[in-house]
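Please look over the sequence and the model before reading on.

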Amino acid sequence: KSSDGTQGSVCGYEPSMHDSIIGNTELEKSLALAIDNNELQLFYQPKIDLASGRIMGVEALIRWIKPDGTIIKPDVFVPIAESSHLIGRISEFVLNEGCRQNKLWQKMGFPPIVMSINFASSDFYQNDLKEKVFEALARSGLDPQWLEVELTETLALSDIDFAVDQMNKLRDLGVKLAMDDFGTGYSSLSYLQILPITLLKLDRSFITDIEHDNIAYEIVSAVIRIAKSKKIETIAEGIENNVQESILRMAGCDYAQGFLYGKPMPPEKIQEFFDIDDKHDYSGRNSKR
Ligand code: C2E
Ligand code: MG
Ligand code: MG
Ligand code: MG
């Protein structure tokens with residue numbers, strides 16, 4: 001299967017690499033067709049305000065849904081798209097669809113929330129990035145404050161000045177900027193000085209260990225303190241249980257995202273998170289969901 005052959009073939013010049021390349025080409029072709037046939041869809045994962053226990057945003061996570069209903073996760077096809085011209089088309093779809101859906105929820109009368117979308121590193125090296133984002137906002141009628149772009153930590157390594165410039169242009173539009181998977185790359189803390197980010201997403205690997213590993217806890221609370229001192233908000237990724245949630249709340253983390261609250265889901269399901277009275281609290285007590 002081509003999708004299996006593509007995993008873990010990032011480096012090295014082994015004989016198997018030839019097969020991987022052929023596999024990628026096939027996957028690339030079917031991915032291009034899938035884009036044409038609207039087989040790419042956005043799922044949304046709720047983001048919870050730890051102070052109020054209410055939904056404050058969603059992250060758009062792309063899925064490839066085959067005609068037979070098979071769902072393919074982004075880990076399989078986003079890297080392929082990134083190594084070809086396809087990522088630009090995917091990012092444009094995600095940007096426009098994310099804005100459209102968020103504005104739709106507002107038109108339906110739900111309280112406004114932040115829509116986070118994931119961009120690939122290469123997106124930040126497109127000269128017309130600001131124009132693309134501006135157009136998507138204008139077309140949908142979404143106010144920029146309800147759009148957030150997530151960037152991965154390794155992105156800025158190749159040309160940091162250009163990337164910062166691009167980010168500042170998005171910030172000038174009024175769009176929010178989040179650094180994804182914080183703590184997994186290099187020079188994490190120094191990036192906080194340089195990049196004009198508004199939110200820092202603590203990687204799931206720290207959260208997994210936080211209950212049992214005192215070092216993980218110390219790292220996370222130090223990062224939250226540093227972020228706060230720079231007026232950068234923090235969100236913990238991959239919260240799966242109540243203990244993790246209360247530790248993060250104690251450490252001063254602003255928001256949380258993880259299977260405890262909900263897995264990525266189709267837009268109709270997100271509406272259930274809005275349809276709650278003020279007293280309802282998602283914090284670890286929503287076993288019904
Ligand atoms: P990410 O941006 O860090 O997204 C978070 C991933 O963690 C998602 O996987 C989500 O389903 C998963 N996750 C969330 N909470 C939990 C939890 O409590 N436990 C566990 N075990 N996992 C959790 P997903 O949807 O498979 O996406 C994987 C990655 O693919 C994303 O990581 C992102 O880097 C990339 N990706 C997803 N959608 C897009 C997109 O539209 N464009 C681009 N360029 N990349 C995307
Ligand atoms: Mg993300
Ligand atoms: Mg992440
Ligand atoms: Mg990631």
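The notes below cover confidence, the metal site and two further residues.

This is a predicted model: local features need pLDDT of at least 70, side-chain atom pairs count only at pLDDT 80 or more, and totals for chains, interfaces and linings use all residues. Residues are numbered from 1 along each chain as its sequence is written, chains are lettered from A and ligands numbered from 1 in the order in which they are written, and side-chain values use heavy atoms, with hydrogens and water left out.

**Confidence**

- The chain has a mean pLDDT of 87, and 85% of its residues reach 70 or more; pLDDT is the predictor's confidence in each residue, from 0 to 100.
- Residues 1-19 have pLDDT below 50, and this stretch makes 14 contacts in the model beyond near neighbours in sequence. Contact means heavy atoms within 4.5 Å.
- Residues 277-289 also fall below 50 in pLDDT, with 27 contacts beyond near neighbours in sequence.
- For the complex, the predictor gives an ipTM of 0.98 and a pTM of 0.89.

**Metal site**

- Glu59 (OE), Asn118 (OD1), Glu150 (OE) and Asp180 (OD) coordinate the magnesium ion (ligand 2) at 2.0 to 2.2 Å. Donors are N, O and S atoms within 2.8 Å of the metal (3.2 Å for Na, K and Ca); water is not among the atoms, so sites may look incomplete.
- The donor spacing in sequence is E-x58-N-x31-E-x29-D.
- Aspartate 180 bridges the magnesium ion (ligand 2) and the magnesium ion (ligand 3), which lie 4.1 Å apart.
- Asparagine 118 sits in strand E4 (residues 114-118) and aspartate 180 in strand E6 (residues 176-182), so this pair links parts of the chain 62 residues apart. Helices (H or I, at least four residues) and strands (E, at least two) are DSSP runs, numbered from the N terminus.
- Aspartate 180 is buried, at 6% relative accessible area, whereas asparagine 118 is partly exposed at 27%. Buried means under 20%, exposed over 50%, partly exposed in between (1.4 Å probe, protein chains only).

**Lysine 130**

- Lysine 130 belongs to helix H5 (residues 129-140) and is partly exposed, with 27% relative accessible area.
- Beyond four places in sequence, lysine 130 contacts Lys169, Leu170 and Leu173.
- Lysine 130 and arginine 171 are 41 residues apart in sequence and 9.6 Å apart in space, C-alpha to C-alpha.

**Threonine 70**

- Threonine 70 lies in the loop between strand E2 (55-65) and strand E3 (71-72).
- Its relative accessibility is 41%, so threonine 70 counts as partly exposed.
- Not counting residues up to four places away in sequence, threonine 70 touches Trp64 and Ile65.
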